[in-house]
Amino acid sequence: MTALSIGKIRAMSKEQWKELFVKNAIYIVILAIIAFIIISEPAFLSFTVFRNILTQSAVRLILAFGVGGIIITQGTDLSLGRSVGFAAVIAGSLLQRADYASRFYPDLVALPLVVPLLLACAVSAFFSAINGWVVAKFKIHPFLATLGMMITLYGVLSIYFASGAPGPQPIGGFDTRYTEFVIGSTFGIPHLVIYAAIVSVIVWVLWNKTTFGKNLYAVGGNPEAAKVSGVNVSKTIILVYIMAGVLYGIGGFLEAARIGSANNGTGFGYELDAIAACVVGGISFSGGIGKVSGAITGVLMFTIISYGMTFIGMDQYYQYIIKGAIIVAAVALDAKKYIKKT
Amino acid sequence: MIHKKWLRICMACLLLCALVSCRPAKPELGLFLYNEADPYILEFGRQIIEVAGASFMVHKFDAANSQPIQNEQIESWLRADTGVVIVNPVDRLGAYAVINRLRQLDVPVIFFNREPLPADMALWDEVWYVGAQAAQSGRMQAELVMNLFGNNPEQLNEYDRNGDGRIQTVLLKGEQGHQDAEIRTAEGLKAFEEKGFVIDVLALEVANWNQAQAYDTIGRVLRDHQDAMELVISNNDAMALGAINRLRQAGFFKDNNGNGQVDRADSSWLPVVGIDGLREAEEAIADGFLYGTVKNDSYSMAIAIAELAELIMGTRDSLSVAHTLMDGRYIWIDYLPFVSQQ
């Protein structure tokens, strides 16, 4: 009898171990990669690297929150990158140094930073609201609705980009107030990290402490049930897209100054990085599941991996293979969890 | 049994890490390319690795045409023992952020292929540029043409097909507003004017550096000017080759005189000149189609870059005679004229 119960415990704990392992397989793999990086270059464990990783993650995180909210409602947003690009071009075109040779608006006065920021957010939110409206009213799959918006936005953005005084040329020579606001640091803390932290807190409150947040998860988990229990599904969907648009606007505003220039190709492909980070962070494509901490984890994982692999001098083509495999693995695990849920 | 297996896997991992972490004694050099999908840059990168590899451990990174990726690659790879980095910016304005970051870390930088703005070069004194001057390429093209037409503006030779003492010309421009395209075109025309040659511009067409677009463009030009054309000047080889393909279809470059080859003596031959010195262009010259090109001498640039890097690292006392530093920070490499030897 004793032997039997010991065997039972052993079997059980083995099962539990297995489940624990499967559940967290993706993190285990990522931790293994990080361990590998640290072993091959112990210098990776330094304050500078830590700070750089946080700084590089900042804009990505803000964008991931935007698309993350949409993913919770069972959606996706392919127009993210172009929206960020448009916001970057708008902000950049309005914030060039007075003495810069080829200004977009040659006679523009020095604007307070908040004006271009709000304008960038308003434009991004406007186009994003159209996405939300199309998805909510016409029941078009978000993949297609936002694919259309991605292409449309590129057209609009390129027309605006070409309309500046010097013609279609990269926009640079930014006002030092703007550059300092974005890439400067205070008490050793990079401003970008501070902004990302503030946005994280706001998004956490919105997702967890407001009616909008409750509706968001309800709509994402089961739109029919949400509707029956009195949630305005369309309004919730449009709101989450508008919120995403505002975040893209902020992201674009920060991105132009971070890169030091903006053009109509800025932001290209960012949607895929943001979506991948959300998925790895456990924001489920099947809807209704996802946490602020998940988005943070996902973004940090990707930044740490690409930073670390570049740090040890690994060819970027191997990095693509590893990142691609991680995304597929994350989705596979997500699907497994979903099957269990139903 | 299981324990043993895991033990073995761990040992293997450790061994792998140990192998990867072995760093050779040569100083480390980071090479950052804007886009390896550009064949010219791919080849250029290979040449730099070959030449600089003798005295440096070269780590190459491809930014896949994204300035933010390049910025992050530079930031991620840098470490305390980095001697010097070599950067081919994605966007010439992107150099601003790169220089600012490297100045903070006190890592000297050599730019190549895309010249940063003079104002950005002046941000710090540990910044160099190795490249070619666009003006020279335009002038060399003009010289090749003047040689062909007999070097005497008063009396043009048989290539002035209609004998009117003027050269009826079609110009293919790379890109509207692109610095190199504007300079090459303007300087070439200026060179003709200075020597007293009269150029009638039949058409000035923009084909975006692209072979297929030049093919289409020349098709349109031929409708109006097929019989009048005496010369095609292109801002690069790709467009020149596209033009030749279309011209061949329209009946140019035939062997009417029956000497068994395409050659200048034939009445259907038309001079076309390009810039870059692509391998396909050299073949077209050998086959008698392309009259000539002006070679953007990447191999000499690679040697100059390697020498400059050694000078900065203190492993070399002076540059070789061919590579003089202009204004303390520029090395200009001459273009090389390249024509068929018929």
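These questions and answers walk through chain B of a predicted model and its interface with chain A.

Q: What area is buried between chain B and chain A?
A: Carbon and sulfur atoms give 51% of this area. The total buried between the two chains is about 2,500 Å².

Q: Which residue of chain B forms a salt bridge with A:Arg258?
A: Across the interface the rule finds two salt bridges. In the one formed by A:Arg258, the closest N and O atoms are 2.8 Å apart. The cut-off is 4 Å, so this pair counts. The partner in chain B is B:Glu72.

Q: What percentage of the residues of chain B count as buried?
A: Chain B has eleven helices and twelve strands. Its C-alpha trace spans about 85 × 55 × 30 Å along the principal axes. A residue counts as buried under 20% relative accessible area. Of the 342 residues, the buried share is 51%.

Q: Among contacts in chain B between residues at least 6 apart in sequence, what percentage join residues at least 24 apart?
A: Start with the contacts between residues at least 6 apart in sequence. Then keep those that join residues at least 24 apart. Their share is 69%.

Q: Is B:Thr169 buried or exposed?
A: B:Thr169 sits in strand β6, residues 167-173. Beyond four places in sequence, B:Thr169 touches residues including B:Ile199, B:Val201, B:Leu231 and B:Ile233. Its relative accessible area is 0%, so B:Thr169 is buried.

Q: The backbone oxygen of which residue lies 3.1 Å from a polar atom of the side chain of B:Thr169?
A: Look at the polar side-chain atom of B:Thr169. A backbone oxygen lies 3.1 Å from that atom. The oxygen belongs to B:Ile167.

Q: What is the phi of B:Asn65?
A: Most residues other than glycine have a negative phi. B:Asn65 is not a glycine, yet its phi is positive. B:Asn65 lies in the loop between β2 and α3 and is partly exposed at 46% relative accessible area. Its phi is about 65 degrees.

Q: Is B:Asp106 buried or exposed?
A: B:Asp106 is in the loop between α4 and β4 (109-112). B:Asp106 also has a positive phi, about 60 degrees, without being a glycine. Its relative accessibility is 57%, so B:Asp106 counts as exposed.

Q: What distance separates the C-alpha atoms of B:Gly138 and B:Glu187?
A: B:Gly138 is in helix α6, residues 134-148, and is buried at 0% relative accessible area. Beyond four places in sequence, B:Gly138 is in contact with B:Arg184 and B:Gly188. B:Glu187 is 49 residues away along the chain, but the C-alpha separation is 5.4 Å.

Key. Residues are numbered from 1 along each chain as its sequence is written. Chains are lettered from A and ligands numbered from 1 in the order in which they are written. This is a predicted model: local features need pLDDT of at least 70, side-chain atom pairs count only at pLDDT 80 or more; totals for chains, interfaces and linings use all residues. Side-chain values use heavy atoms; hydrogens and water are left out. Buried area is the accessible area (1.4 Å probe) that two parts lose on being put together, summed over both. A salt bridge is a side-chain nitrogen of Lys or Arg within 4 Å of a carboxyl oxygen of Asp or Glu. Helices (H or I, at least four residues) and strands (E, at least two) are DSSP runs, numbered from the N terminus. Buried means under 20% relative accessible area, exposed over 50%, partly exposed in between (1.4 Å probe, protein chains only). Contact means heavy atoms within 4.5 Å. A polar contact is a pair of N or O atoms within 3.5 Å; within protein, one must be able to donate a hydrogen and the other to accept it, and residues adjacent in sequence count only if both atoms are side-chain atoms.
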